[in-house]
Amino acid sequence: MSVLRNGKTVVLETENFHYVIEYDDFGYVHNIHWGGKCPIEDYWVDDLGDENPNHPNLDQIRCEYTPFGKTMYRPCAVKVHFADGCREINPEFVSCETGKDTAVITLKDCYYPLEIKLLYKVYEEYDIIKRSVCFVNTGSDDIVFETLMSTELTLPGTEPYHIVNTNGGWGAEFIPADTVLEAGSLTFESRQGRSGHINSPYVIAYTDADELKGRVFSAHLMWSGNFKVKAHRDLLNITRVTLGLNSFDFEHVLKGGESFEAPAVICTISDGFGAMSRNLNRFGYNEVLPKNFAKKPLPVLYNSWEATEFDVNVKDQTALAKKAAAAGCELFVMDDGWFGARNDDHAGLGDWYVNKEKFPNGLGELIESVNALGMDFGLWVEPEMVNPDSDLYRAHPDWAYHYDTRKSNEIRNQLVLNMTKPEVQEYIFNCVDTLLSENNIKYIKWDMNRPFSETGGENLEHPKMLWYLHTKAVYSIVDRLKEKHPEVQFESCSSGGGRCDWGALEHYDEVWTSDNTDAIDRIFIQKNYALTRPVKTMRAWVTDINWYNRDTPLDFRFNISMRGVLSMGGNLNNYSDDDIAVSRKYVDMYKSFRNIIQFGDLYRLLDIDKDEISADIYVDDAKDNAVLFIATVNTRCMKKTLPLYIQGLDDSKIYEFDYEDKHYRKSGAFFRNVGIPVEIRKQYYNNIIKIKAV
């Protein structure tokens, strides 16, 4: 059983941990414990005790979901105003329903027609609990939400926690920020209309942990729009975290008879960061990703952008496809420039019809050539955007977010379409549906290259709801397209990694990790992406990017990109025959162990920041096969020989492999406890070692 009951105590049991809640007669649901297992009869809730007039007892309880009002002054999880102006929620307990792996606790305001349902689902084998909240308006008057968080978590103990989020940017996504929260609040958020490149919709909390050991708590909001994560530590040294929709410029109006379920949150607990990553990785492809491709290995793709940019035509794309096929690619993707009057980024967005000058016979001629080479065909689109210089905008200027009294701000010469309008949603669906229905397209790269501005929509009775409604519209369109075209993969892209959260992963099969494909930068970007997301969703390109005027060898670039979903994006027109042969060698090698990378367990062995060497190993479920990647840019001061302790193998099995002209045949226990010596004196050193159980 995953859910246990003992009177008013509910125990959510995962493979290794308990999450314990208890409801009282006053309408409060208490968090009792989140950690190691105990007998269920040992759990109880403390009495509230006497009230201090300056520090009320209600402000101290470990509440599962804190409403605004009464004498609770800490950050709240929900705040509303009712039709008569009252802004306080006073919940009373109604019921607790439990199933094999679910629990629903229903509360109701003592006067107003508002029900609050706390929702729990246990995923036992991953040590994961999915939480959310559902609100029901049982009356006839509107209830307006000003704050609406999906989850509140109370962390155990009183030690100050390290709170981990990100402080990145375009081309520098997922850069971790680790802050010790002694007192007060930390807030991480997006106000851009997408989850964004800077902060992330998750939180990781720990006191003393590393890759292999130490208790790690984390929570991941499944949402791609504006979000807020707030961590708070009070005078009793209790640390609480809330995650949900951003209250910035926000309201949600719940009409009579309606219900609203907030985006879910994945709550995890693990011993060590590595275990957290592996649990999330397996949970992702088993439980979250769209089912059509979740268990299938993703193909090696080639993208035409670096080779041609906007200058696409049937002749040059066909020639490029031949080189991609020679390099072993399985999917050829034509990027921007194929539609409308699209010769640069000033025009054409919104006009999703094929440019007849570039493709006089439509896309079919190119697709047939690509298919004849043994590859599938894919296409880039940016459906949420419009150029003012486009047929669409000239016909429907009111389809972009705007204020009549303000000049719209263009970013990348484009505006954001008002996706809350049904006619806009139907236009986008029909355009992409027509492309997929009329052409043998197996992959869509769905891009979003700018944040919102001028967030006005004359169609909305409550304009502040647009932030939420826009993201829901994107999800709905993608889901409809995937249902009608189940053979098509969809990739989420937003100027790189601006929309690659767990909400996107419910609807897209993969994500574009970053526009920055420099191999050295990608070591950091990919490491931090895979810390909290499935490896098989991480597109990793080998390109010719040279922002830093450094000549990174081709084999080094492959070493880094093969640690995710290998792809190619360099200008193959400039590749020599030897370069194509090297590419083919690595692509074929990747295909030989692709399943281990995309579905195996990842162990981070050495960190390039700390050790000057990056070493990752991927191990299959049976622990019979593994792939070890070692790379470094350079080492300093005649670095001494470093022992590499190889994690993830079965202690009792014998493994063998060759490394640096030496043959190893030893137990998994030896490789874990004694390790192998690594001595690197070479710049851009890289090595890929296949390990096999004897």
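Which residues make the nonpolar surface patch of about 360 Å²? Trp170, Trp547 and Tyr548 do. The close-ups below come from a predicted model, where local features need pLDDT of at least 70, side-chain atom pairs count only at pLDDT 80 or more, and totals for chains, interfaces and linings use all residues. Residues are numbered from 1 along each chain as its sequence is written, and side-chain values use heavy atoms, with hydrogens and water left out.

**View 1. The patch with Trp170, Trp547 and Tyr548.** Patch members have over 30% relative accessible area (Shrake-Rupley, 1.4 Å probe, only the protein chains shown counting as cover). Trp170 sits in the loop between strands S11 (162-166) and S12 (176-180); strands are DSSP E runs of at least two residues, numbered from the N terminus.

**View 2. The S6-S7 hairpin.** Antiparallel strands S6 (residues 91-98) and S7 (residues 102-109) are joined by seven bridges, with three residues between them. Pairing takes at least two DSSP bridges. Look for Thr98, whose bridge partner in S7 is Ala103.

**View 3. A barrel of eight strands.**

**View 4. Strands S27 and S28.** S27 (residues 489-492) and S28 (residues 510-512) pair in the parallel sense over two bridges. Glu491 has Glu510 as its bridge partner in S28.

Methods: Patches are made of residues with over 30% relative accessible area and no salt bridge: like charges are joined within 9 Å, nonpolar side chains (Val, Leu, Ile, Met, Phe, Trp, Tyr) within 5 Å. A salt bridge is a side-chain nitrogen of Lys or Arg within 4 Å of a carboxyl oxygen of Asp or Glu. Helices (H or I, at least four residues) and strands (E, at least two) are DSSP runs, numbered from the N terminus.
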